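Me: Can you walk me through this one? I'd like the strands, then the ligand, then a helix pair.
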Amino acid sequence: MAYETIIVEVEDHVALVKLNRPDALNALNAQLLTELADALTAAQANEKVRCIVLTGSEKAFAAGADIKMMSEKSFVDVFMEDLFTPETDQILRVRKPIIAAVSGYALGGGCELAMMCDFIIASDTAKFGQPEINLGVMAGIGGTQRLTRAIGKAKAMDMNLTGRFMGAEEAERAGLISRIVPVKKLMEEALGAAAKIAEKSMITTAAIKESVNRSFEVTLAEGLLFERRVFHSLFATEDQKEGMSAFVDKRTPQFRDR
Ligand code: CAA
């Protein structure tokens with residue numbers, strides 16, 4: 001698929017996917033979401049790619065779902081097309097790690113898209129928010145659910161009910177993001193983290209992603225059982241033998257995803 005609203009580059013085992021609707025602050029319209037889901041699915045299928053970085057521009061990661069696209073839609077329209085579900089389901093099926101590199105606005109669907117990634121590295125200019133309430137609606141793709149799990153009820157209620165924006169410092173304190181870096185260093189930091197992940201066994205990165213995500217779905221006892229079973233199963237891999245023997249031999253492991 002040729003893309004018009006995103007830019008994809010693959011370099012050194014990392015796919016960099018850049019949202020690119022500068023005139024609309026990367027608002028998520030149907031075309032962008034379709035292209036993004038397609039690009040991430042292609043990155044999953046591309047054997048060269050071991051980690052993905054999703055980013056926007058310096059001014060905006062994404063300022064939300066495209067309001068102009070939604071403004072005339074009726075309940076029946078959005079219900080029958082199951083607005084945003086096919087694309088977000090496709091994005092969530094990606095098993096390779098995805099890092100969101102966020103600068104500027106990450107609002108509404110933009111904040112929710114960042115939260116669908118595995119972790120968020122943000123610039124000191126990042127602003128997160130769920131301002132859908134100002135439009136007479138509410139968050140629809142994770143803003144009341146993933147955000148609450150990430151930052152707790154008090155702040156999630158505050159963000160969703162007042163529509164206020166949260167800066168990078170507060171977002172880090174609250175646990176929404178993993179790192180803050182100066183805006184000029186954002187891509188270096190995110191691509192550096194991705195390069196580190198790309199050195200690991202892809203069996204283990206997929207297993208970790210699955211296991212951490214499982215913690216949101218099940219009880220602690222079930223989650224610990226799931227984790228233990230996956231941990232035990234990794235002993236069936238050549239990469240476990242390689243990783244542990246490399247440690248004992250004081251050398252760098254050469255993982256082969258076997
Ligand atoms: N949808 C469509 N267009 C958008 C947009 C959006 N979410 N956000 C910004 N734009 C467009 C603006 O309409 C404007 O286009 P024009 O030049 O053609 O008028 C352009 O991007 C630049 O925006 P502004 O002039 O508003 O820029 P600013 O710097 O003054 O303000 C902003 C920036 C505070 C982010 C402001 O644009 C804003 O509030 N945007 C909307 C944020 C929002 O409400 N997001 C939630 C959307 S609903 C949603 O996401 C539902 C869901 O959960 C899935």
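Reply: Ground rules before the strands. Two strands pair if DSSP finds at least two bridges between them. Helices (H or I, at least four residues) and strands (E, at least two) are DSSP runs, numbered from the N terminus. Residues are numbered from 1 along each chain as its sequence is written. This is a predicted model: local features need pLDDT of at least 70, side-chain atom pairs count only at pLDDT 80 or more, and totals for chains, interfaces and linings use all residues.

Me: How many bridges join β3 to β5?
Reply: 4 bridges, and the two strands run parallel. β3 covers residues 51-55. Ile52 stands opposite Ile98 in β5.

Me: What about β5 and β7?
Reply: They are joined by 4 bridges and run parallel. β7 is residues 119-123. Val102 has Ala122 in β7 as its bridge partner.

Me: Is β5 buried or exposed?
Reply: Buried. 5 of the 5 residues of β5 (98-102) are buried, so the strand is largely enclosed by the rest of the structure. Buried means 20 or more other C-beta atoms within 10 Å of a residue's own, with C-beta atoms placed from the backbone. Both faces are covered: Ile98, Ala100 and Val102 on one side, Ile99 and Ala101 on the other.

Me: Which strands make up the open sheet?
Reply: The order is β4-β6-β8-β9, with mixed pairing. β4 (60-62) and β9 (165-167) are at the edges with a single partner strand each, so one side of each has no neighbour in the sheet. β4 and β6 run parallel, joined by 2 bridges. Ala62 stands opposite Ala106 in β6.

Me: Now the ligand. Which residues come nearest?
Reply: Ala27, Ala63, Gly64, Gly108 and Gly109, of the 22 residues around the ligand. A residue is near if its C-beta atom, placed from the backbone, lies within 6 Å. α2 (67-70), β6 (105-107) and α5 (109-116) are the elements that give two or more residues to that shell.

Me: How does the shell divide by class?
Reply: 13 nonpolar, 5 polar and 4 charged. Ala, Val, Leu, Ile, Met, Phe, Trp, Tyr, Cys and Pro count as nonpolar, Asp, Glu, Lys and Arg as charged, and the others, Gly among them, as polar.

Me: Last topic. At what angle do α10 and α11 cross?
Reply: Roughly 170°, with the axes coming within 9 Å. Axes are lines fitted to C-alpha atoms, for helices over the stretch in contact, and angles run from 0 to 180 degrees between N-to-C directions. α10 is therefore roughly antiparallel to α11, a label for angles over 145 degrees.

Terms used
Buried ≥ 20, exposed ≤ 12 C-beta atoms within 10 Å, placed from the backbone. Parallel < 35°, antiparallel > 145°, perpendicular 65-115°, else oblique.
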